[in-house]
Amino acid sequence: MGKRANRMHEKEPSMTSPLTSSPPWKSLAQHYDAIKNVHLREMFADDPARGEAMTLDAVGLYLDYSKNRATAETMGLLVDLAKSANLSDRIEAMFTGEKINLTEGRSVLHTALRTPKGKSVLVDGVDVIPEVHAVLDKMSAFCDRVRSGQWKGHTGKRIRNIVNVGIGGSDLGPVMAYESLRHFSDRQLTFRFISNVDATDFAEATVDLDPSETLFIVASKTFTTIETMTNAATARQWLVDGLGGDQTAIPKHFVALSTNAEKVAEFGIDTDNMFEFWDWVGGRYSMESAIGLSTMLAIGPQGFREMLDGFHEMDQHFRNAPLDQNLPVLMGMLSIWYSNFFGCETTAVLPYEQYLKRFPAYLQQLTMESNGKYVTTDGGQVDYATGMIYWGEPGTNGQHSFYQLIHQGTRLIPCDFIAFGKSLNPIGDHQDILIANVLAQSEALAFGKTADEVKAEGTQDWLVPHRVFQGNRPSNTILADQMSPTMLGKLVALYEHIVFVQSVVWNIDAFDQWGVELGKVLAKNIIPELDPKSASELDHDSSTNALIRRYRSMR
Ligand code: F6P
């Protein structure tokens, strides 16, 4: 318990933290010793109603958490731990605009982005809800003009291609939302997303596009990110070259999504064509801000508002439901149970819905950039693991790839299965086969197959151990009606709040990301050194120096 934490730290903290010395933590540790070897087969046998009791039906999501290595007592102790971390107060602090992003001195108000008109949320005494809706209205008017063909490109042609240029939160949310809601998108428009500074990303995304019909959305909260600014400059050149060298074409083909009007103007984009958001929106929490312009262009303003409604419904649930009947709290606390007591390192998120194919990739930034931290809010060091690794692929593809390890490997990997009752493409018996598979996977993981069962099938003795499934591998199953903009909002908000629950218990700031800074600074230093004609002395370690010399010789 807890001993796997801090492997990376040079110095172990000398004292135990308030968390690991708290009574609820200690009770959980004792409880863990008592139930760590209890099999899910036994838990289900002891309590035949478990499969119905350990469920929660809220905001249109049915969560079955009965196939977890947990009992009613475990859940009670986990809720006690959440209470001792003052979770309810922290939730209120977030929703009411307290500056809970301590290291950046900022409020954390992605929830304000989906708050309906007429409510108020104050930041430094100013109600931000009217501003939020003013930007949404501006986005809606713009989207209506583009989607109707009223907004024309420089040569008078209508826009047919939308290219979002951004990275991290300014890319992953938009791509994921576009893929998730493709069914609801305007099929007359082509959407592309350029993020990587590798020129191949730009080249392949634009290879078949006509500049006169292409609109670039430059999405960057800071408008200083080197990847995005490099791609945006290349896009500007591509467009101007494609339109006969006419610089005056830019305003009709470039819009910006940013908090930094000065840099937007410097780049040459008219700030009238800038859609604003605010420093209280974190990059990885921004897909429903102006950063969602590509999503709104795809599904239309009405669809976008439905998505916001879904976010808001989950927000209300998170804020108001009792902790023991609260979806993000239950899922967040179960992940702490696995992370800090079972020593699990990862969680697999496995959507049985093709439209959610980019959801796990989106969650990687949301979860790991938020909670990948060993420093506590008061500057100390944790003595427990933080930042569960989230990963996954859509089912059923994953089954034919990495599920072997989840079933019979040496690691315990809790899984979140996400499935829907109805397909948006109901063809033949595909949906029944899909759903049979997700149900079969969680059943196989939990209950496995014993040696006796394998033998009873007539398996030769030597082959029996290979064909045994130990089972006792935990999972959640979320079953909901059908993918839709509203549903996507609910799912994203669910995981945002799971991350928040984890961060509150772990006492870390989920909203900064200092760990990405060093690499950025070092890369800036190295860029000029890569020039073979560079006279500058290389002053790195011997490995980096040798690699730079090698690269120079290749240019
Ligand atoms: O480098 C990390 C990061 O700051 C992310 O948090 C952010 O989503 C991404 O870069 C992009 O930042 P920006 O929107 O300012 O270009």
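Here Ala, Val, Leu, Ile, Met, Phe, Trp, Tyr, Cys and Pro count as nonpolar, Asp, Glu, Lys and Arg as charged, and the others, Gly among them, as polar. This is a predicted model, where local features need pLDDT of at least 70, side-chain atom pairs count only at pLDDT 80 or more, and totals for chains, interfaces and linings use all residues. Residues are numbered from 1 along each chain as its sequence is written, and side-chain values use heavy atoms, leaving out hydrogens and water.

**View 1. The second largest cavity.** On a 1 Å grid over the protein atoms alone, a cavity is a set of points where a 1.4 Å probe fits but cannot get out; a pocket is an open set with protein on both sides within 12 Å along at least five of seven lines; lining residues have an atom within 4 Å of a point. This cavity has a volume of about 30 Å³. Its lining splits into six nonpolar residues, one polar and one charged. Look for Trp278 and Glu288, which are among the lining residues.

**View 2. The largest cavity.** Here the volume is about 90 Å³. Helix 13 (327-341) brings the largest share of the lining, four residues. Helices are DSSP runs (H or I, at least four residues), numbered from the N terminus. Asp416 and Tyr495 are among the residues that line this cavity.

**View 3. The largest pocket.** This one has a volume of about 1100 Å³. Of its 43 lining residues, Thr222, Thr225, Val516, Glu517 and Lys520 lie nearest the centre. Helix 20 gives the most to the lining, with seven residues.

Conventions: Points joined across faces, edges and corners; volume = space filled by probe spheres on them. Helix = DSSP H or I, 4+ residues; strand = E, 2+ residues; numbered from the N terminus.
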